[in-house]
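Take a look at the sequence and structure first, then read on.

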Amino acid sequence: MSADHGTAGGGFTAIVLAAGKGTRMRSERPKVLHALAHRTMLGHVLAAVQEAGAQNLAVVVEPGRADVADEVARMAPGASTHPQAERLGTAHAVLAARAAIEGRPADVLVAFGDTPLITAETYARLRAPLREGAAVAVLAFEARDPTGYGRVLTENGRVVAIREEKDASADERAVRLSNAGLMALSGQHALSLLSRIGNDNANREYYLTDAVALAVADGLPVTVVDVAEDEALGVNDRVQLSVAEAAIQARLRRAAQLGGATLIAPETVFLSADTVLGRDVLVEPHCVFGPGVVIGDGCTIRAFSHLHDARLMAGADIGPHVRLRGGAVLEEGVHLGNFVEVKNATLHAGAKASHLTYLGDAEVGAGANIGAGTITCNYDGVSKHRTVIGAGAFIGSNSALVAPVSIGDGALVGAGSVITRDVPADALALARGRQMTREGAAKTLRQTLKAAKAAKAAKQD
């Protein structure tokens, strides 16, 4: 066939099937919105097909699922959504997005929202045979146990059909080459093949796989693209979700290490799909990276730290047991020690808080030193307020900074202070009760208490 109609280079149309209820997940949440590495399964699929070159995306959804439509809009702005009111098989689902195919000469790639491990490279490989004249390309794997899978049937090296297990003969069931479900169809033939699929089978459903037999009957070439069985995993329950999570984490850890980060015990480190680790980053055991974390070159993340929506610039050193929450920004050389929590705060270059500190809704100047037990009192029960600590300021241990409040550059706050008013630059602020000492009073108090205890015991006797 000609190399026109979108088969030579250029983008393709991706139809993602995401209307399944996922009853085996035992959840109110749609199956495709369950997450792996803090990204929904649907999000993984949409990201991969876009990376593979999809320029037109159509997602088939359950009617009324605004949450799924919102996720599509977030992950693939411009993608269209198409409701599938009835569930009459995979071909019926694909044709729910018929409007995305009609009038477009581009190739069509069918993906599944609950098959999140398929990589962009595999999607590109699946489409590649269409550029060389194939009408249909199917993704298949050699199953360790093919039970339950549709079988890819070949004759003399050519694909002749895909047979669902319920419709397969005993000889066909012995075939281990199994259908992964995904399929690519040439733009020239896609709509014709899809429109002619019938439901003459045990389940009375319209199977996408029947496009293979139709193409063969038309004398059109059909090819198989191989994929590892583990990559083709479909997620139907929470056990399979955990298996997929482990696979995603293994990929992310490997990519981080190959990118120049050291993970001392990689199996104990959990990353998000969007985690960025710079070169020469050191991550100690048992760290968790939530969404939105960017770590600059040469940073150290010590054991048992938890980061979410945080940005660390070169050379920052945090932990162990540090918690960074939404909007935390640590500039070059910032040091946070054990049991420090930072939320919606910027610490400028060289600032440090070595232990037992909470910095929320704050700005800490370059080189400032925050003593142990210091907290910013940022919430008054109704609103959040901001604390500003100047460059080179020193905050003594066990101080409470009651926001809104500002500590000037170079100021010193004495240990144990409760600061409720602004402190000027280079000033010394003390805000604590005057110490009173009465010599011998402790001994007298103990004697009094001992006598009272004895009297009480005698009375009870």
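Predicted model: local features only at pLDDT ≥ 70, side-chain atom pairs only at ≥ 80, totals over all residues.

Residues are numbered from 1 along each chain as its sequence is written, and side-chain values use heavy atoms, with hydrogens and water left out.

**Nonpolar cores**

- A nonpolar core here is a set of buried Ala, Val, Leu, Ile, Met, Phe, Trp, Tyr and Cys residues joined through side-chain atoms within 4.5 Å. Buried means under 20% relative accessible area, exposed means over 50%, and partly exposed is in between, using a 1.4 Å probe and protein chains only.
- The largest nonpolar core has 72 residues, and the members that touch the most others are Ile 15, Leu 42, Leu 46, Tyr 123, Val 136 and Leu 185.
- A second, separate core holds 47 residues, including Phe 289, Ala 316, Ala 353 and Ala 411.
- As background, nonpolar side chains tend to be buried together in soluble globular proteins.

- Helices (H or I, at least four residues) and strands (E, at least two) are DSSP runs numbered from the N terminus.
- Helix H4 covers residues 120-131, and its 12 residues should span 16 Å at 1.5 Å a residue; the end C-alpha atoms are 17 Å apart, which agrees. The expected span is 1.5 Å times one less than the number of residues.
- The buried residues of H4 are Ala 120, Thr 122, Tyr 123, Leu 126, Arg 127, Pro 129 and Leu 130.
- What do these buried residues of H4 pack against? Their partners are strand E1 (12-18), helix H1 (41-51), strand E6 (108-112), strand E7 (136-142), strand E10 (177-185) and strand E11 (222-226).
- Tyr 123 has contacts (heavy atoms within 4.5 Å) with Val 45, Ala 48, Val 49, Ala 52, Leu 109, Ala 111, Thr 115, Ile 118 and Leu 182, leaving aside neighbours within four places in sequence.
- Just after H4 comes Gly 133, with a positive phi of about 110°.
- Pro 221 touches Gly 133 too, along with Ala 134, Ala 135, Val 136 and Arg 158, not counting residues up to four places away in sequence. Pro 221 sits in the loop between helix H7 (210-217) and E11, and is partly exposed at 34% relative accessible area.
- Pro 221 and Gln 460 are 239 residues apart in sequence, and their C-alpha atoms are 101 Å apart in space.

**A buried histidine**

- His 34 is in the loop between E1 and strand E2 (35-36). Is His 34 buried or exposed? His 34 counts as buried because its relative accessible area is 2%.

**Rings and charges**

- A search of the whole structure turns up one aromatic pair. Phe 141 and Tyr 149 form this edge-to-face pair, at 5.0 Å centre to centre with 90° between the planes.
- Rings of Phe, Tyr and Trp (its six-membered ring) pair if their centres lie within 6.5 Å; planes under 30 degrees apart count as stacked, over 60 as edge-to-face and the rest as tilted.
- Phe 141 is buried at 3% relative accessible area, whereas Tyr 149 is partly exposed at 31%.
- Arg 253 lies over the face of Phe 270, 5.0 Å from the ring centre, and Lys 384 lies over the face of Tyr 379 at 5.5 Å. A charge sits over a ring if NZ of Lys or CZ of Arg is within 6 Å of the ring centre and within 35 degrees of the ring normal.

**Cysteines**

- The structure holds zero disulfides (pairs of cysteine sulfur atoms within 2.5 Å). For Cys 287, the nearest cysteine sulfur is that of Cys 299, 13 Å away.
- Cys 287 is buried at 0% relative accessible area, while Cys 377 is partly exposed at 25%.

**Backbone details**

- A cis peptide bond joins Gly 319 and Pro 320, with omega about 5°; another joins Ala 403 and Pro 404, with omega about 0°.
- Asn 344, in strand E23 (residues 335-347), has a positive phi near 50°.
- Asp 361, in strand E24 (residues 352-364), has a positive phi of about 50° although it is not a glycine, and is buried at 6% relative accessible area.
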